[in-house]
Amino acid sequence: MSGTVTVKNVTLGEGVPKICVSLIGATLTELKEEAEALKALAPDVVEWRSDFFAGVDNIEAVTEILEMIQAILPDLPLIFTFRSAREGGERQIATEDYIRLNKAAAASGFVDIIDVELFNEEADVQALIAAAHDCGVFVIVSNHDFQGTPSEEEIVSRLRKAQELGGDLPKIAVMPCSAADVLTLLAATNRMQELYADRPIITMSMAGEGVISRLAGEIFGSALTFGAAHKPSAPGQVAVAELRKVLELLHRSL
Ligand SMILES: O=C1C[C@@](O)(C(=O)O)C[C@@H](O)[C@@H]1O
């Protein structure tokens, strides 16, 4: 994999894959407790999954949460994510609201990376990337398939599209129906790493069967892996302490 992205003191795309944990509380109080609890787990990156938050339609409330997370975890790069229901998230909002929310998060000064779903109008994705870059914020361009695993060609083509549109960190999460599907995700990741990726990419095969993909990113070419704190934000996430041990074990063997 060539190319790195450095946010705060964390460099994605070199060495051991970095560990991200998602905050998934529904209220300010829950989110505060989760953020406090993360101090002990010491992940490399934190993601706020704002689609879990009951007040997500109120930009002021969203900014207040971002400020609170930043105050509790000032050294951790913060990813702002609104995952739409059609990609496995908790709720669906109108496109205009999705754009407004992401622009506000990027402009808040509290966020380092926003996650923009690839399957939106190309012009909207590009406009969001431009707005984020204007604020010095990086962009994950993501796609999630909770129903199955597309072909290797299709996975590569989605990651390349995310790259072409200007995403700093192309990402794909797919659901395996067999061990062969997990191999497909790993093969696509490796092909990106060998042939096309000029920046870090993030890939995972979800659920129990896909766990190997959350551990072996350094070998196949995925720069960030999502671990679980008390509750996972997607199926198959491994507890952070165990995840770290395995990532380090694999790193030492290389
Ligand atoms: O896109 C991702 C990856 C993920 O779906 C996973 O499978 O670990 C978890 C989500 O919170 C995150 O936004």
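How many of the residues of strand S3 (residues 18-23) are buried? In this predicted model, 6 of its 6 residues are buried, so the strand counts as mostly covered. Burial here means that 20 or more other C-beta atoms lie within 10 Å of the residue's own.

The side chains of S3 can be sorted by direction. Lys-18, Cys-20 and Ser-22 point one way, while Ile-19, Val-21 and Leu-23 point the other way, and all of them are buried. In a regular strand, side chains alternate between the two faces of the sheet.

The partners of S3 come next. Strand S10 (residues 224-227) runs parallel to S3 and is joined to it by 4 bridges. Within this pairing, Ile-19 has Thr-225 as its bridge partner in S10, and Cys-20 stands opposite Phe-226. S10 can be sorted by direction as well: Leu-224 and Phe-226 point one way and Thr-225 and Gly-227 the other way, with all four buried. S3 also pairs with S4, again in the parallel sense and over 4 bridges. In that pairing, Leu-23 has Trp-48 of S4 as its bridge partner.

The ligand is surrounded by 16 residues, and the closest are Ser-22, Ala-173, Phe-226, Ser-233 and Ala-234. Of these, Ser-22 is one of the buried residues of S3, and Phe-226 is one of the buried residues of S10. Which strands each supply at least two residues of the shell? They include strand S4 (45-49), strand S7 (138-145) and strand S8 (169-174). Sorted by class, the shell holds 5 nonpolar, 6 polar and 5 charged residues.

Helix H3 (residues 95-107) is the next element to follow. At 1.5 Å a residue, its 13 residues should span 18 Å, and because its end C-alpha atoms are 18 Å apart, the model agrees with that expectation. The buried residues of H3 are Leu-101, Asn-102, Ala-105 and Ala-106. Seen down the helix axis, these buried residues fall within an arc of 130°, so they line one face of H3.

Methods:
Residues numbered from 1 in each chain as written. Predicted model: local features only at pLDDT ≥ 70, side-chain atom pairs only at ≥ 80, totals over all residues. Expected span 1.5 Å × (residues − 1). Buried ≥ 20, exposed ≤ 12 C-beta atoms within 10 Å, placed from the backbone. Arc of directions from axis to C-beta. Near = placed C-beta within 6 Å. Nonpolar A, V, L, I, M, F, W, Y, C, P; charged D, E, K, R; others polar. Pairing = 2+ DSSP bridges.
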